[in-house]
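Here is a model to look over. The questions below ask what its labels rest on.

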Amino acid sequence: MSRSAAMGSSSGPDAKRQKVEVSPLDASRLVIEENPEPRTCPPAKELVFGKTFTNHMLSINWTKEHGWEEPVIKPYGPLTLAPCATIFHYAPTLFEGLKAYRDPNGKVRLFRPDKNMERMNRSATRISLPNFDGEELIKLLKKLLEIDQEWVPSEPGYSLYIRPTLIGTQESLGVAAPTKAMLFVIMSPVGPYYANGVKPVSLEANPEYVRAWPGGTGEAKLGANYGPAVLPQKLAAGRGYDQILWLYGKEHWLTEVGTMNMFVVLKKDDGVLEVVTPPLNGMILPGVTRASILELLHHHENGSDTLEGVPKIQVNEREINMQELINASEEGTLVEMFGAGTAVVVSPVQRVGFLGKDINVPVGESGFGVVAGAVLKKLTDIQWGKIPHSWSVPISDE
C-alpha cells in the first residue's frame, strides 16, 4: 500500500531532531493511504443512521513526550488497542458530531465546523486529553471529505454525518491523565430525520434519574455521559414515551431532552411569545444547533432578520422548572416545546409525562409549532447552501 504526502511532509536533515520535539497538530504533514478496494455508497433509500461508513477515515496519534504525530487518512477499518488501554477501563473518550451537505450546485459544505472544534477542545480539557489546533483539524476534515466526497448524498434532506473522536490509549491500569491518545474521524451517509413524516415526540420527566449536576461533566461531550442514559430511556419507552426530559434538583429544573438541547415557548400577557432555553450553567451541553437557533431568534427579536411566520418574540436563557410548565399548560400559555441537535435539527414535543400525569403540548397541523417550524426551515436552508450565509463553509474554493 502506497503512502503519499498529499499536503506536504516533514523531511530533510532536521527531521530526526523534529521527532523529539512536542509537535502541534499539523495538516501539512498529512499522509494518505488509498483504499485498494473502494466501495460505492449504497442507494439513499437503504441508508440507516450510523450503519454505513465511507471508504476512508482519519487517524492521528498523540504522546505526551512528542505531541501530535503525522495525520493519516487510511482505509476505514478496525483500531488496534491493547486490552489494558485506558479507554476500556476509565472512559477517557469524547466525540463531536457534524454534517457535510451538498448544495444545489453540487458543492460540499460544512456547517459551523469551528464551533465543533472549540467544543471538542473544551471537552478534552475537562478529562485531561490533549488539545489541538481546530483550524488544522478542519483542513484535515476537508481533505477527508474531498477524498470521499462521492459519499455525500445529493438527494434532498440527505447528508454525511462526521464523527471526530478522541480517546486515551496508554497501556496502563493506573488512573491518571492519559500520556497517549488517538484522534480519529469516521463518516457515515445518513437520510433525513423526518423521512416518514413529522412525528412530535412524547417525553417522560422522571426525577429518579439525573443526567448532569453542578461540577459534573454535563457541559462536555463525553462518551461517559451517554451510556448511563440508555436504561432510563429504555424504561421510559416501556411506559410509552419516546425520550427523557432530564430534570435536576428538588425544584425539578428542566435541562435537556434526550441527547438534545431544549426550548419552551410561552405566551406572555401582552401576547409576545417568550422563547426560553436553560442557560449554560455547567449542566447543559453547549450545542452548535442551540447556539445557531438562539442567534436566529435574537436576529428576529431585534429586527435584523426575520423568521417566516413568527410574531414578536422575547428570547431568554433562564431556568424553567416543571411547576412553571404545569402552570403554563393549565393557564393556556404553553405554546410549544422542542428539542434541538445535529441529527434532528428540531424535534417538536407533544406530551410530557410527570409524576403519573401527562402535560399536553400544542403542535401545529404540520407537526411543528410556529417557532420550531421557522427555525428548522431557516437552518436547513443555510446548511444545504440554499441561501448564502457565513455559517455554511464549502470544503474547497473551486
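**Pockets, cavities and one lysine**

Q: Which residues lie nearest the centre of the second largest pocket, and how many line it?
A: G157, G191, P192, Y193 and W384 lie nearest its centre, among 27 lining residues. The model is predicted: local features need pLDDT of at least 70, side-chain atom pairs count only at pLDDT 80 or more, and totals for chains, interfaces and linings use all residues. Residues are numbered from 1 along each chain as its sequence is written, and side-chain values use heavy atoms, with hydrogens and water left out.

Q: What makes a space a pocket or a cavity?
A: On a 1 Å grid over the protein atoms alone, a cavity is a set of points where a 1.4 Å probe fits but cannot get out. A pocket is an open set with protein on both sides within 12 Å along at least five of seven lines. Lining residues have an atom within 4 Å of a point.

Q: How many cavities of 30 Å³ or more does the structure hold?
A: It holds 2. The largest cavity has about 90 Å³ of space, and the second largest cavity about 60 Å³. A volume here is the space filled by probe spheres set on the points.

Q: Why is the largest cavity said to lie between domain 1 (27–33 + 43–190) and domain 2 (201–384)?
A: Both domains give residues to its lining, so the largest cavity lies between them. The domain bounds come from an automatic or database domain assignment. The lining includes G97, Y101, T342 and Q383. Strand 6 supplies the largest share, 3 residues.

Q: What volume does the largest pocket have, and which residues lie nearest its centre?
A: The largest pocket holds about 700 Å³ of space. T259, M260, T342, A343 and V344 lie nearest its centre. Helix 6 gives the most to the lining of the largest pocket, 3 residues.

Q: Where is K221 found, and what does it touch?
A: K221 is in the loop between strand 10 (201–205) and helix 5 (230–238). Leaving out residues up to four places away in sequence, K221 touches L94, F95, E96, G97, R119, S123, Y226 and L285. Contact means heavy atoms within 4.5 Å.

Q: What feature does UniProt place at K221?
A: The unreviewed UniProt entry gives "modified residue: N6-(pyridoxal phosphate)lysine" there. Such annotations may be inferred rather than shown by experiment.

Note on methods. Helix = DSSP H or I, 4+ residues; strand = E, 2+ residues; numbered from the N terminus.
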